[in-house]
Amino acid sequence: MKKFLSFLLLSVVVLALAACGTAKEEEATNSTNGAADEGATETAKSETIVIGASNGLHDLILEQAKPILAEEGIELDIQPYQDYIMPNQDLESGDLDANYFQHIPYLETEIAEKGYDFVNAGGIHIEPMGIYSTKYDSLDELPEGATVIISNNPAEEGRFLSLLEAQGLIKLKEGVDKAAATLDDIVENPKKLVIDNKSEPGMLVTYYEEGEGDVVVINSNFAIDAGINPLKDSIAIEGSESPYVNIIAVRAEDKDNEAIKRLVEVLHSDAIQQFIMDEWGGAVVPVNE
């Protein structure tokens with residue numbers, strides 16, 4: 001009888017220990033699963049935006065936004081570009097989630113000509129167009145028949161001509177859409193200027209530095225990238241009322257993407273807009289719409 005009671009007591013203890021061990025194993029398993037679930041949730045919150053940007057200006061602005069977004073789980077993968085063609089092609093193909101290199105009229109022209117299903121996710125800054133010369137300190141000094149070199153980018157031609165008109169050098173046809181104006185729309189040219197529109201945009205700085213032509217009209221991003229200060233070195237510059245706002249462009253399907261919206265919000269923040277003013281001293285003008 002005593003032996004039977006001892007055996008029974010031992011059995012109860014063993015079962016109790018086994019039950020305790022099972023409970024601890026379940027607790028450990030639940031704890032591990034909980035950590036895994038938490039990690040999965042954290043991963044789900046993380047997102048990467050692959051964005052194409054013009055080298056030397058747009059990419060520098062994005063670099064300022066990168067650490068701010070990283071704190072919120074959004075990684076900004078910045079891909080630099082040197083041309084105006086590939087960023088939109090790569091956005092359409094899906095190699096990019098967004099791009100930041102073009103202004104509104106250029107985007108509209110690209111959509112009309114190539115059928116891109118893109119939208120403007122937000123305007124970030126304006127790069128005033130400048131007129132430069134190694135020969136003259138003022139447009140008033142330009143002689144009759146002077147050569148004005150502009151780029152061969154048809155989407156920019158109206159902008160170049162609008163700047164020349166604003167400076168009193170030419171007059172465009174009444175009622176013409178100035179953003180879409182061409183050389184054929186010039187109705188007055190009192191100095192008989194020769195407007196050369198055969199140059200690649202990336203070559204304009206070289207032509208200016210080598211003294212080609214009498215004046216060269218250059219986009220500020222190319223000027224800044226070459227160490228030229230648009231405010232100090234130009235002899236005339238576009239006003240801040242320019243409609244040529246540089247934007248974040250995305251595919252239409254991504255217009256409501258929360259990470260993209262947050263990127264634009266950060267670029268509109270006081271910190272980033274102040275960086276733009278401090279870095280380029282007014283040669284690049286921030287906007288927040």
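**Rings, cavities and pockets**

Reply: The structure holds seven aromatic pairs. Rings of Phe, Tyr and Trp (its six-membered ring) pair if their centres lie within 6.5 Å; planes under 30 degrees apart count as stacked, over 60 as edge-to-face and the rest as tilted. One of the pairs is Phe275 with Trp280, which is edge-to-face, at 5.8 Å centre to centre and 80° between the planes.

Me: Where do these values come from?
Reply: This is a predicted model, in which local features need pLDDT of at least 70 and side-chain atom pairs count only at pLDDT 80 or more, while totals for chains, interfaces and linings use all residues. Residues are numbered from 1 along each chain as its sequence is written, and side-chain values use heavy atoms, with hydrogens and water left out.

Me: Is Phe275 buried or exposed? And Trp280, buried or exposed?
Reply: Phe275 counts as buried because its relative accessibility is 17%, and buried means under 20% relative accessible area, exposed over 50%, partly exposed in between (1.4 Å probe, protein chains only). Trp280 is buried too, with 9%.

Me: Which residues form an aromatic cluster?
Reply: Tyr84, Phe101, Tyr106 and Phe222 form one.

Me: New topic. How many cavities of 30 Å³ or more are there?
Reply: Two. On a 1 Å grid over the protein atoms alone, a cavity is a set of points where a 1.4 Å probe fits but cannot get out, and a pocket is an open set with protein on both sides within 12 Å along at least five of seven lines; lining residues have an atom within 4 Å of a point. Grid points are joined across faces, edges and corners, and a volume is the space filled by probe spheres set on the points.

Me: What lines the largest cavity?
Reply: Its lining includes Tyr84, Phe101 and Tyr106, along with Glu127 and Arg159. The space inside is about 120 Å³.

Me: And the largest pocket, which residues lie nearest its centre?
Reply: Tyr84, Ile85, Tyr106, Asn153 and Pro201, out of 17 lining residues. This pocket holds about 270 Å³ of space. α4 gives the largest share of its lining, five residues; helices (H or I, at least four residues) and strands (E, at least two) are DSSP runs, numbered from the N terminus.

Me: What volume has the second largest pocket?
Reply: About 220 Å³. Of its 15 lining residues, Ser162, Leu163, Ala166, Glu238 and Glu241 are the closest to its centre. Here α5 supplies the largest share, five residues.
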